[in-house]
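Dear colleague,

I am passing on the structure we spoke about, with some notes on how its side chains pack. Please have the sequence and the model open beside you as you read.

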Amino acid sequence: MTMRKIWMNRWFSVAYHYVNLIRENEDGELFEFYGTHPNIDHVSLGASDVKEVEPEVEGEEYIAFCLDFCKRHGIDLFIPRLHMELIAQHIERFEEIGTKVMVCGDLELLQNMMNKEKFYRSLEGKGVVEIPDYRVVRTAEQFAQAYRELTEAGEHVCFKPTEAEGGMGFRIVKDKAGDPLEELYGYVTLETTYEEAYRTLSSVESFQDLMVMELLEGEEYSIDCLADAAGNLLTAVPRRKSEGRVYHLEYSEELLAISRRIAENCRIPYAFNVQVKYNKGIPKLLEINPRMSGGLYITCLSGVNFPYLAVKSAFGETFPMPQPQFGIKASYVEQAVRLDPVRGEAGTPGLK
């Protein structure tokens, strides 16, 4: 049986789980994993067979590094996380050296998904998914006007940069300031007051695009989706975040219908993640991540090995339609991982 080589560049720590899920696949397929990161001790490399330090360069320099890495190691499949847009622009250069790339090749779509304003605009009025009420601002006065309009419409308000990953830059605007001493001794929160935000934004003439929007106050779901290379949806599993670390893998025809409409409209290949949150009984779009989500390893408790099947799709292989299990309650715990070579265990991942 041929062993195929997979490279993952500068992923989050959960890549440790993705690698093991692909390696422990139900078909007994053999893979060798390569990982790179500027920090050689980053836990994302912990499950890799070969790990290297990744240079902190951009643009053509980064593409040159990637192409050289693929040629030196004979990489069969490249699964990028960092610089997905840049890499997607050069897919043909990777294909010329025999490396497939597991990334959305539709550049306009990929660029839209990386920018909330562009993506919201691309979906507005299409009946695909409800979009939150929002304004994009660049000055403190625009922020003040957006805040006023949303509050007058009866909404609580939050804001986030239009180009940000995960929860970076997200803040909830609370109605009034709390007790400063209590807040100093309490938990760090994502809340700020209108006055604090306005004062900070007023310190500069203009700032990077900020999306001021209605605060969605209902249940939050991540819908993990699997598609083939042409973007045909194969399966989807809604994952509801509950209190603390508890998640529920739930069957919801409403949410599955959203995933189907997004797939039909956008044609996102391989693994992607749709984040929605309810407000006043209506599920509204937060964002779509054109990659494996941070909680995908939890969704795999449904019995669907999303990372492995995404890899099969990237190689152009077919497989029976996955049938996920629903009604699963799950959580997670920390796991100790050795980053140094384990003596007497030749072939242990991470030794090369």
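**Cores and aromatic pairs**

In this predicted model, the largest nonpolar core holds 54 residues, among which Trp7, Ile262, Val274, Leu285 and Ile288 touch the most other members. Helix H2 (residues 59–73) supplies the largest share of this core, with 7 residues. There is also a second, separate core of 34 residues, including Ile79, Met102, Ala271 and Phe306.

Across the whole structure, a search finds 17 aromatic pairs. In one of them, the rings of Phe143 and Tyr194 have centres 5.8 Å apart and planes at 10°, so this pair is stacked. Because Phe143 lies in helix H7 (residues 140–152) and Tyr194 in helix H9 (residues 194–201), the pair ties together parts that are 51 residues apart in sequence. Tyr194 also forms a stacked pair with Tyr147, at 4.5 Å centre to centre and 20° between the planes; since Tyr147 belongs to helix H7 and Tyr194 to helix H9, this pair ties together parts 47 residues apart in sequence. Phe143 is buried, with a relative accessible area of 0%, and Tyr147 is buried as well, at 15%.

Finally, the charged end of Arg4 sits over the ring of Phe315, 4.1 Å from the ring centre.

Best wishes

Technical notes:
Residues are numbered from 1 along each chain as its sequence is written. This is a predicted model: local features need pLDDT of at least 70, side-chain atom pairs count only at pLDDT 80 or more; totals for chains, interfaces and linings use all residues. Side-chain values use heavy atoms; hydrogens and water are left out. A nonpolar core is a set of buried Ala, Val, Leu, Ile, Met, Phe, Trp, Tyr and Cys residues joined through side-chain atoms within 4.5 Å. Buried means under 20% relative accessible area, exposed over 50%, partly exposed in between (1.4 Å probe, protein chains only). Helices (H or I, at least four residues) and strands (E, at least two) are DSSP runs, numbered from the N terminus. Rings of Phe, Tyr and Trp (its six-membered ring) pair if their centres lie within 6.5 Å; planes under 30 degrees apart count as stacked, over 60 as edge-to-face and the rest as tilted. A charge sits over a ring if NZ of Lys or CZ of Arg is within 6 Å of the ring centre and within 35 degrees of the ring normal.
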